[in-house]
Structures are given as structure tokens and as C-alpha cells.
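Student: I would like to go through this model and ask, for each label attached to it, what the label rests on. Could we set the values against the cut-offs as we go?

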Amino acid sequence: MNDPKQHRKLNTSSASHGASGASRSSAGSSTGRKINRSGASAASSSGPARTTYHAPSSAPSRPAASRPAARPVSTGHTAHSPAPRRRKKKGSALKTVLISLCCFFGVLALGLFGVYQWVVHSISPEGGAPTINEIINTPSEYKGDVVNVLVCGIDYEEGRAYSSDGSNDGMTDMIMYVNFDVANHKINMLQIPRDTYPGEEYKHGNTGKINAVALYNDGIGSLMELIHEQYKLPVDYYVTIDMQSLKEIVDLFGGIEVYIPKDISYKGSTLEQGYRNLDGEAAEFFVRNRNYAQADIARLDMQRYFYQGLFARIRTATVWDLAKLAPVALKYVETNIPMDELISMGVSFLQVDSANIMMCKLPTYSAAQRYNDQSHLICDVAKTTDLLNQYFRTYGGPVDQLDVPTLATTGESTDPNVQYMGQLDTEAEAGQAAG
């Protein structure tokens, strides 16, 4: 019998040693991730159970294609040989090559643009965008200078029944408000804990949690309206992502290089501290784990390291990387951002330096009493007002107070932990150098 208390180890490969690891396993190994659930080597079947992850290795090189047989050359002479042809001028040949290349790249560009249009139209919600009151949008005088987007991760994890009939229709377990200052090339992101108390104006299935608002009301539009009404923040668009896409996205990228700031263990699995290349399953473990003293609050801080690695990977993505991600977008992403706006935002995003990408989280207290036998968090209104005025109302001006509902609280509120992506880049680089 294996010892149930013995941790399994998520053995992700160090990104800086990926090539040497691939050469050591070249004899008979397969590409991609390998999960060793027996915890035993070929020579021994004993020992504690463990889960081992390997970063995707390089695909084996293809054997060179065999050359076609050469044509037989006739050396005979005919009685009446034609006069020798004049050689084409070099300029004429070069012109032909250039025209051919232009035609090729023109067709390729049109094809990629067509694919892009198809993808963008396909991720638009079925039946059109939900009816959203335009009053919650960014004021028209700032249009083009700033855009505000609500990004939500929908969790359809198996075994979790959210609806009254026991089905799993998904909750917005990841809620992030993104303020994109296009004019000044800055991005500020606010993480909203899923257990935040939303009040009683919106239905929440007796959970007392904001992550149930979209499910129990009129979809994502209801959550957008709540953000505007309670936190006085404008919302222009939304993007929803099925959390099940995480593993596929990471694996399509060949893994994501992430700095793990400390050892993480939960339910028999472990990720060791260090700069590592995480495959899809290891990445999912990293972002979902909340086995910390502050549970979900600490998980939000840890998830930033994954965002840092993902953003860095996106910046180096090729056209072919994006083409591979198209089927994932079709399957898991939904948005109401118009195509031209989405293209413009994508181009503008690539111009934003990581030193100008800020992340913070909503300051909250622990509730003094459980709500329907569930724990939840209460917004620190005073601290949140100052935070939003400083980072998220650069165009609309400050507000004196919010309309966020509260209940009795206990202890001190959490720190918003304002961090810039450039800081996380530096920390990751130091971790990579430490090896």
C-alpha cells in the first residue's frame, strides 16, 4: 500500500535545461507530457505514488525526403538542331521572382485575414450580444482614449453542481476588470475575489457570492451592470473564457515558462519553487490551488505569476501560434467586442511596456457570520474608493463614495497588493538566473 500522506510531485522541467532533457530522453521517448502515476522506475515497482509532469519536448526531426530519380539526358544530335535560345536577363528573372513572392504573400495575407474574421465572428455570442444599457459605457468624450473590459473565467468543473436542478451551468470564478488607457499605453487590472458579497439587489442562488450573479440573473450583462452600479466603474465590453481551455492553450504553446515563488503542495501533488516550463495540467494545478492561509486571496496573488508568463509568451507568438489557437478561441471564448475594435486593441496591447501593466485586488474583510452556511468576503469600501480613484478613474474623475453593500466584518481588510508586470518580469528573470 502507498502512504496516502506522501506528496506526489509535479516535476516540471526547467526552461533553461529543456534541450539537454530532451537529448537524454531521445531513446524511445514520445513528445509532449508524460504522466507517471505509478511512482516507480522500470527497475522497481515500490515507493510512494507520485505524479510527474514533463515539459513538452521538441518534435523529432522528419527524415529527409528521398530525391526523385534524375531524368535521363540525351547526348545524341539531331540533323537539324534549333538555334540556341537567348538567356533571360538577370533583371527579368529577378522581377519574376519578386512578383511571385508578392502574389504569394498577398494570397497568404488575405487567407489569414479571412480566418481572423471567421474566428472573431464565431466567438461573438449566439443570437447577438446581450442587451446592455449604454449608460454603463465609458463616456463618449473619452472614446478612443480608454476602453474598459470585464474579463471572466467561467468554471464548468465536473462534480460541482451550481444550479437548483443539480446541473453545472458555470460560475464566474475569475473576475477581472481591465482598464486599458490606450492613449497613454497603460493597462490597470482589478482582481475581484469570487466570494465577494454582492448584496441582495441581484440574485445569487443564496450563496452570498458575486460569482453567482451572472448565472442567476440575465447573464454577463447583469454582472457588468453590478460593477457599474456598486463600484461606479464604466464597462464597455466583456470577454468570457471557459476555464477548461487553460490546459489546451498552454499545451498548444508548448508550455508556459513561469516562476514558482515557493513550493506548493495540495492533495498529494507538489510544484517546487523555481523557474519552470509548465504544461497544461501543471499550469491548471498552479492557478487553481488555494491551499494557503488566505485561500482565494493568496491564490489571486499567485495567479499573477502565471499571467506574467502568459503575457510574455503572447508577445513572442508567431502567426502560426495564433493560427493554432483559433480552434480554442472558437470553442471556449465569447465576447461582444466589435472586430475592428478587437484588432485595434490587440495592436495597442503589443505597444504597452510591462512596466505599465498594473495588477491589484479588491480589498476585502472576512464576514463575521457565514451566509447560508458559506463563507464570503466583504468589500472594504473606504480603501476600495481610494484605490479606484487612483488607478481606474484617470479620465472620469474621482467619486466620493461607492454603493457597495456590506455586512458585519471581522479582522483587518486585505491589502490590494499593487504590482506591476515589470516587477514580476524581474523576479522571474532572477529565478531563471538562480537556476
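Student: Why are α5 and α8 called roughly antiparallel to each other?

Tutor: In this predicted model, the axes of helix α5 (residues 245–252) and helix α8 (residues 319–332) cross at roughly 175 degrees. Angles over 145 degrees count as roughly antiparallel, and therefore α5 and α8 are given that description. The axes also come within 10 Å, and the contact is made by S245, E248, I249 and L252 on the side of α5, with K324, L325, V328, K331 and Y332 on the side of α8.

Student: What makes helix α6 largely enclosed by the rest of the structure?

Tutor: A residue is buried when its relative accessible area is under 20%, and eight of the nine residues of α6 (residues 280–288) are buried, so the helix is described as largely enclosed. The buried residues are G280, E281, A282, A283, E284, F285, F286 and V287. They pack against α5 and α7, and also against the strands β6 (256–260), β7 (264–266), β8 (269–271) and β9 (274–278).

Student: Which residues does F286 touch, and what is its place in the largest nonpolar core?

Tutor: Leaving aside residues up to four places away in sequence, F286 touches V258, I260, I264, L271, L278, M302, Y305 and F306. The largest nonpolar core has 45 residues, and F286 is, with M189 and F306, one of those that touch the most other members. Helix α7 (residues 296–315) gives the most to this core, with seven residues. A second, separate core has 30 residues, including C152, I220, Y238 and F392.

Student: How do you know that strand β11 is largely enclosed as well?

Tutor: Five of the five residues of β11 are buried, so the strand is largely enclosed by the rest of the structure. I357, M359 and K361 point one way from β11, while M358 and C360 point the other way, and all are buried.

Student: Where does β11 stand in its sheet, and what are its pairings?

Tutor: The sheet is open, with seven strands in the order β10-β5-β2-β3-β4-β11-β15 and with mixed pairing. Its edge strands are β10 (333–335) and β15 (419–420), each of which pairs on one side only. Strand β4 (residues 186–192) pairs with β11 in the parallel sense over five bridges, and L190 stands opposite C360 there. Strand β11 (residues 357–361) and β15 pair in the antiparallel sense over two bridges. Two strands count as paired if there are at least two bridges between them, so the two bridges between β11 and β15 meet that requirement. Across this pairing, M359 stands opposite Q419, and the bridge partner of M358 is Y420.

Student: Why are β13 and β14 called edge strands in the three-stranded sheet?

Tutor: That sheet is open too, with the order β13-β12-β14 and antiparallel pairing. β13 (377–379) and β14 (409–410) each have a single partner strand, so one side of each is left without a neighbour in the sheet. Two bridges join strand β12 (residues 364–367) to β14, and S366 stands opposite T410.

Student: What makes K267 exposed but H185 partly exposed?

Tutor: Exposed means over 50% relative accessible area, and values from there down to the 20% limit for buried count as partly exposed. K267, at 65%, therefore counts as exposed, whereas H185, at 33%, is partly exposed. K267 lies in the loop between β7 and β8 and has a positive phi of about 50 degrees although it is not a glycine. H185 is found in the loop between β3 (171–181) and β4, and its phi is near 55 degrees, again a positive value in a residue other than glycine.

Student: How confident is the predictor across the chain, and where is the pLDDT below 50?

Tutor: The mean pLDDT of the chain is 77, and 67% of the residues reach 70 or more. Over residues 14–80 the pLDDT is below 50, although this stretch has 70 contacts in the model beyond near neighbours in sequence. Over residues 108–112 the pLDDT is also below 50, and that stretch has two such contacts.

Conventions
Residues are numbered from 1 along each chain as its sequence is written. This is a predicted model: local features need pLDDT of at least 70, side-chain atom pairs count only at pLDDT 80 or more; totals for chains, interfaces and linings use all residues. Side-chain values use heavy atoms; hydrogens and water are left out. Helices (H or I, at least four residues) and strands (E, at least two) are DSSP runs, numbered from the N terminus. pLDDT is the predictor's confidence in each residue, from 0 to 100. Contact means heavy atoms within 4.5 Å. A nonpolar core is a set of buried Ala, Val, Leu, Ile, Met, Phe, Trp, Tyr and Cys residues joined through side-chain atoms within 4.5 Å. Buried means under 20% relative accessible area, exposed over 50%, partly exposed in between (1.4 Å probe, protein chains only). Axes are lines fitted to C-alpha atoms, for helices over the stretch in contact, and angles run from 0 to 180 degrees between N-to-C directions. Angles under 35 degrees count as roughly parallel, over 145 as roughly antiparallel, 65 to 115 as roughly perpendicular and the rest as oblique.
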